Amino acid sequence: MSKETLQKITFEQLVQRSIQREQDKMKVKEIEVPSIGGTLLLKTIPENKLLDIIEEGQKSDSLSENIAAERKLIYFCCPILQDTKLHHQLNVAEPFDVVEKLFDLQETELLANAAMELNGVSNLAEKKVDELKNS
């Protein structure tokens with residue numbers, strides 16, 4: 001858009017933008033998990049936690065570390081996976097291991113991509129994949 005066609009942002013637009021950002025923090029999405037024959041509910045997570053997980057995954061070119069970061073993202077975005085009764089029932093010592101115990105790599109990728117998209121950072125994930133492919 002050219003500068004001539006842009007309009008100055010109004011006070012009301014800024015207030016509306018703030019309200020929209022608050023609503024975006026409460027977004028949820030159901031994602032189908034074919035191997036289970038149902039859907040999982042994903043929710044957005046706080047921005048600082050999201051950025052920490054993304055940075056964790058980008059610190060290394062190690063595929064296993066990237067997958068560990070994806071599993072962490074899935075764990076935090078999926079409330080049912082945080083249930084300590086589930087951890088006990090599945091006999092997992094570390095909470096994030098519940099994701100590995102339940103989902104194969106393909107499903108992990110599917111869920112992680114959905115969680116990234118829900119949290120508005122799917123472009124960051126795509127850039128990381130492109131970086132890994134080009135290195």
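Author: A residue is called buried under 20% relative accessible area, exposed over 50%, and partly exposed in between, with a 1.4 Å probe and protein chains only. The structure above is a predicted model, in which local features need pLDDT of at least 70, side-chain atom pairs count only at pLDDT 80 or more, and totals for chains, interfaces and linings use all residues. Residues are numbered from 1 along each chain as its sequence is written, and side-chain values use heavy atoms, with hydrogens and water left out.

Reader: By that scale, is E100 buried, exposed or partly exposed?

Author: E100 counts as partly exposed, because its relative accessibility is 46%.

Reader: How should I read a salt bridge, and with which residue does E100 form one?

Author: Side chains of opposite charge can pair when their charged atoms come close. The rule asks for a side-chain nitrogen of Lys or Arg within 4 Å of a carboxyl oxygen of Asp or Glu. E100 pairs with R71, and their closest N and O atoms are 3.8 Å apart. This pair links distant parts of the chain, since E100 belongs to helix α5 (residues 97-102) and R71 to helix α3, 29 residues apart. Helices here are DSSP runs of H or I with at least four residues, strands are runs of E with at least two, and both are numbered from the N terminus. R71 is buried, at a relative accessible area of 16%.

Reader: How many salt bridges does the rule count?

Author: The count comes to three salt bridges. In another of them, the side chains of E56 and K72 meet at 2.9 Å, N to O. E56 lies in helix α2 and K72 in helix α3 (residues 63-77), so the pair ties together parts that are 16 residues apart in sequence. E56 is partly exposed at 31% relative accessibility, whereas K72 is buried at 18%.

A further bridge joins K29 to E117, with 3.7 Å between the closest N and O atoms. Here strand β1 (residues 28-33) holds K29 and helix α6 (residues 105-118) holds E117, 88 residues apart. K29 is partly exposed, with a relative accessible area of 28%.

Reader: Which residues does I53 contact, apart from its neighbours within four places in sequence?

Author: Contact means heavy atoms within 4.5 Å. With those neighbours set aside, I53 touches I45, A69, K72, L73 and F76. I53 lies in helix α2 and is buried, with a relative accessible area of 5%. I53 and F76 are 23 residues apart in sequence, and 9.9 Å separates their C-alpha atoms in space.

Reader: How does one look for disulfides, and how many are found?

Author: A disulfide is a covalent bond between the sulfur atoms of two cysteines. Across the whole structure it finds zero disulfides. The sulfur of C77 has its closest cysteine sulfur in C78, 8.5 Å away, which is too far for a bond. C77 is buried at 0% relative accessibility, and C78 is buried with a relative accessible area of 0%.

Reader: What kinds of residue form the lining of the second largest pocket?

Author: Nonpolar means Ala, Val, Leu, Ile, Met, Phe, Trp, Tyr, Cys and Pro, charged means Asp, Glu, Lys and Arg, and the others, Gly among them, are polar. The lining in question divides into six nonpolar, three polar and six charged residues.

How values were computed. A disulfide is a pair of cysteine sulfur atoms within 2.5 Å.
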